[in-house]
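I opened this entry to keep track of what I looked up. Notes follow in the order I took them.

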Amino acid sequence: MRLDRFVPSHRVSLETDYARIEQLALQEKRQRVLRQWLNELRQSVVIRLAGKARELAERYPDKIVTSSLAQR
């Protein structure tokens, strides 16, 4: 382990922490967009359960989320 730079504890400010704030904001935006995209996919993608997967879904209904479309 190597310490390249030591920054004493301080209040976050735009002057001293702009790059870090920018990184955190970008990360949050990416997560929000990805979450939204996944939610849209969940509504439009149908997965048909068959064989062992269907048996497991029936055995553990509280662990596997299924809809009426997936049961067909």
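**Salt bridges first**

I searched for salt bridges and found three in the structure. The model is a predicted one, and I read every value below as computed from it.

I started with Arg2. Arg2 pairs with Asp4, and their closest N and O atoms sit 2.6 Å apart. I checked the cover on both partners. Arg2 is exposed, and Asp4 is exposed as well.

Next I took Arg35. Its partner is Glu28, with 3.9 Å between the closest N and O atoms. The cut-off for a salt bridge is 4 Å, so the pair Arg35 and Glu28 counts at 3.9 Å. Arg35 has a relative accessible area of 45%, so I logged Arg35 as partly exposed. Glu28 comes out at 38% relative accessibility, which also makes Glu28 partly exposed.

The remaining entry is Glu58 with Arg54. Here the closest N and O atoms are 3.4 Å apart. Why are Glu58 and Arg54 separated by about one helical turn? Both lie in helix α2, residues 51-59, and they are four residues apart. An α-helix has 3.6 residues a turn, so residues three or four places apart point the same way. Glu58 is exposed, because its relative accessible area is 53%. Arg54 is partly exposed, because its value is 27%.

**Fold and surface**

I then counted secondary structure. The protein has two helices and zero strands. Of the 72 residues, 6% count as buried. The accessible surface comes to about 7,300 Å². Carbon and sulfur atoms hold 56% of that surface.

**Helix α1**

I looked at α1 for length. The helix has 31 residues. From first C-alpha to last, α1 reaches 42 Å, close to the 45 Å expected at 1.5 Å a residue. I also checked for bends. Where is the kink in α1 centred? The kink is centred on Arg20, and the angle is about 40°.

Is Asp17 buried or exposed? Asp17 is buried, because its relative accessible area is 15% and the limit for buried is under 20%. I listed the contacts of Asp17, leaving aside neighbours within four places in sequence. Asp17 touches His10, Arg11 and Val12.

**Nonpolar patch**

Last, I asked which residues form a nonpolar patch on the surface. They are Leu34, Trp37, Leu38, Leu41, Val45 and Ile47. Together they have about 540 Å² of accessible area. I followed up one of them, Leu34. Leu34 lies in α1, which spans residues 14-44. Leu34 is partly exposed, because its relative accessibility is 45%. Residues in a patch need over 30% relative accessible area, so Leu34 clears that limit at 45%.

Key
Residues are numbered from 1 along each chain as its sequence is written. This is a predicted model: local features need pLDDT of at least 70, side-chain atom pairs count only at pLDDT 80 or more; totals for chains, interfaces and linings use all residues. Side-chain values use heavy atoms; hydrogens and water are left out. Patches are made of residues with over 30% relative accessible area and no salt bridge: like charges are joined within 9 Å, nonpolar side chains (Val, Leu, Ile, Met, Phe, Trp, Tyr) within 5 Å. Accessible areas come from the Shrake-Rupley method with a 1.4 Å probe; for residues, only the protein chains shown count as cover. A salt bridge is a side-chain nitrogen of Lys or Arg within 4 Å of a carboxyl oxygen of Asp or Glu. Buried means under 20% relative accessible area, exposed over 50%, partly exposed in between (1.4 Å probe, protein chains only). The expected span of a helix is 1.5 Å times one less than its number of residues. The bend at a residue is the angle between axes fitted to the seven residues ending there and the seven starting there. Contact means heavy atoms within 4.5 Å.
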